Amino acid sequence: MKQVVFYYDVVCPFAFMASKFIEGLAKRTQAEIVWKPVLLGGLYKAISGEGDYSAADKMCDARKLIVGQVYYFCLLWHGFQVAKDILSHVMWIDADKYLPTNKVQIPTGELASDSHYFLTIPSGEFRPVTGEPEEKSFKPFHRYSRGYGEVHREDVIKTESETAAGNPFKSFHGYTQGCREMRREDDIETEGETVTEILFKCTQCFLKFTRHSDLQKHLTHDHVNPFKCHNFDVEMSEEDSTDGEHGEKPFRCTQCVMSFTRPSDLLVSDVTSLDVLQEGASHVGWSVDVESTINGVGKQVLLDNTQEALDRGAFGVPSFWVNNELFYGTDRMHFVESALGPDKHVTMPRLYHPPSHPTRAKLIIYHDFASPWSYLGSTQIADLVSSLHPVSVEVEWVPILVGALFKAIGTPVVPMQSVGDSKRQYFMKDLSRYSDYLSVPLKWTSHFPLRTILPARLTIANNDDRLRHALYEAAWRYDKNIGDEQVVREILTNAGYDAHALIAATKSPRVKDQLKANTERAIAAGACGVPSYQVNDGPVLWGQDRLNIVADMLCGWQDQPQQDNGPSSKL
């Protein structure tokens with residue numbers, strides 16, 4: 001049977017996200033998952049030779065913010081909701097600014113090693129629960145209008161043991177990244193007919209509603225006692241109730257049925273606690289003494305897993321091992337799925353369709369000819385924009401000097417020269433994979449790092465798409481030194497431009513000042529690398545591997561929850 005080895009650490013929020021998708025991936029590819037927890041700190045220490053540290057310790061503030069925002073965008077885009085205080089703690093961002101509502105929990109970022117030892121696989125399997133349901137035999141009830149695949153009526157109602165807060169409606173069928181929770185379904189259709197039946201049921205009291213907005217109002221106003229005594233099944237709202245008749249742990253989580261002494265423990269449970277781990281094991285039917293497992297086989301298995309991951313080239317989590325190849329990151333799971341087959345070209349998911357009526361949007365692209373990722377991203381923009389009709393997209397290309405940006409924000413000017421061998425080797429393999437995936441020829445330049453002041457100034461003097469493409473291809477397809485003026489003259493002449501006039505224009509104070517201003521603009525916007533994208537002057541998204549989210553933003557997806565004014569444009 002096909003197999004995917006999943007290396008994860010519960011301290012990593014991106015590994016948490018991957019754990020929610022991997023079972024759906026395995027089901028689609030008919031593959032077996034081998035869950036292997038590792039010590040992320042152990043990976044870092046072995047690679048760097050330094051003591052314990054977190055990824056954040058190696059990041060400048062600008063990158064911390066971008067990475068935190070990327071995680072937040074991906075959570076919202078995939079339909080997750082998250083507690084703002086935990087998000088601030090884990091991902092270093094201003095959650096009051098970026099996440100206005102307090103929702104469900106994700107793992108915190110500091111866990112004791114004991115919990116790692118416990119989350120190993122001694123005899124049975126203790127694995128993340130993704131909520132993937134068994135196949136239903138019911139007739140399809142409606143089509144999820146903004147996702148992929150059909151949903152059964154029974155699928156969109158959560159069970160009594162699950163919370164009704166947040167997104168209580170799930171689509172399980174056909175969505176390329178596993179199950180997805182939905183916020184609004186006021187405009188769902190089946191075979192072109194509008195559904196008018198009662199669709200939405202409160203999982204607390206089972207009242208039914210036609211519109212999701214009515215259910216939301218009901219939850220807000222009628223369910224003020226979210227904490228339940230597991231002994232007497234009594235709902236309570238007191239913050240620190242110690243009423244003896246309700247037992248020592250009167251508060252029950254409606255998702256996992258674990259019980260707690262105080263509501264504050266329920267909201268954010270301490271997974272380093274032996275009591276919490278023991279109760280979690282009992283809940284999933286694993287009869288084991290947690291403490292002895294931690295001090296026994298669990299510790300050695302965890303160390304062995306970490307060494308195995310290192311031997312296979314891992315430098316972080318989530319990492320995946322498929323067909324003797326390493327894949328890293330939640331945003332590379334489409335490569336994992338392609339490697340497992342049968343579909344050998346799984347695309348990045350798009351969740352938001354263009355509107356039915358003409359709209360306008362603006363896309364700002366910060367780029368530098370020194371970056372192969374900027375080159376790959378630049379080849380995708382024309383097709384992306386044309387695919388979004390009837391959205392009319394104004395594209396503004398903003399050439400910058402990424403070395404100056406790195407210096408300003410406190411990042412090594414040539415990051416490739418500051419990373420370990422395993423990460424550098426993976427970077428080259430990942431670049432090759434993306435080149436093949438996009439069918440864009442790419443040859444690593446023998447002139448790295450490239451000096452790109454001249455080509456950047458050229459595209460300020462003449463912002464022609466054909467000129468930009470010619471310079472990118474010369475650098476990253478034909479291995480030309482585009483920092484050399486004589487080489488650039490030849491490129492311009494062969495492309496049909498007046499080389500003498502264009503190069504003379506690059507020496508003007510206006511062009512020089514504009515390049516400096518462009519770089520300062522990127523720094524002010526919060527960019528930490530290239531390519532970086534802004535939609536309608538919104539937050540920055542870093543990396544050409546986020547173009548699927550960029551496309552959804554251009555179609556109207558927003559990163560902030562909206563007030564309910566009828567059918568929503570937000571997934």
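Eight residues, F335, W373, F427, Y434, Y437, W444, F448 and W476, come together as one aromatic cluster. The model behind this picture is a predicted one, and across it the count of aromatic pairs comes to 17.

One of these pairs is made by F315 and Y328. Their ring centres sit 4.7 Å apart with the planes at 50 degrees, so the pair is tilted; an edge-to-face label would need an angle over 60 degrees. As for accessibility, F315 is buried at 8%, and Y328 is partly exposed with 29% relative accessible area.

Back in the aromatic cluster, F427 and W444 are both members. These two residues form an edge-to-face pair, with 6.3 Å from centre to centre and 85 degrees between the planes. F427 is part of helix α16 (residues 421-438) and W444 is in the loop between α16 and α17 (453-461), so their contact ties together parts 17 residues apart in sequence. F427 has a relative accessible area of 21% and counts as partly exposed; W444 is also partly exposed, at 25%.

The whole structure holds 17 salt bridges. In one of them, E308 meets R312 at an N to O distance of 3.4 Å. E308 is partly exposed at 22% relative accessible area, and R312 is partly exposed at 27%.

Another salt bridge joins K429 to E325, with the closest N and O atoms 3.3 Å apart. Here the link spans 104 residues, from K429 in helix α16 to E325 in strand β16. Both ends are partly exposed, K429 with a relative accessibility of 38% and E325 with 27%.

Then there is R332, which forms a salt bridge with D545, the closest N and O atoms being 2.7 Å apart. This pair, too, connects distant parts of the chain: R332 is in the loop between β16 and α12 (333-340), D545 is in the loop between β20 (540-542) and α22 (547-554), and 213 residues separate them. R332 has a relative accessible area of 7%, so it counts as buried. D545 is buried as well, at 12%.

Methods
Residues are numbered from 1 along each chain as its sequence is written. This is a predicted model: local features need pLDDT of at least 70, side-chain atom pairs count only at pLDDT 80 or more; totals for chains, interfaces and linings use all residues. Side-chain values use heavy atoms; hydrogens and water are left out. Rings of Phe, Tyr and Trp (its six-membered ring) pair if their centres lie within 6.5 Å; planes under 30 degrees apart count as stacked, over 60 as edge-to-face and the rest as tilted. Buried means under 20% relative accessible area, exposed over 50%, partly exposed in between (1.4 Å probe, protein chains only). Helices (H or I, at least four residues) and strands (E, at least two) are DSSP runs, numbered from the N terminus. A salt bridge is a side-chain nitrogen of Lys or Arg within 4 Å of a carboxyl oxygen of Asp or Glu.
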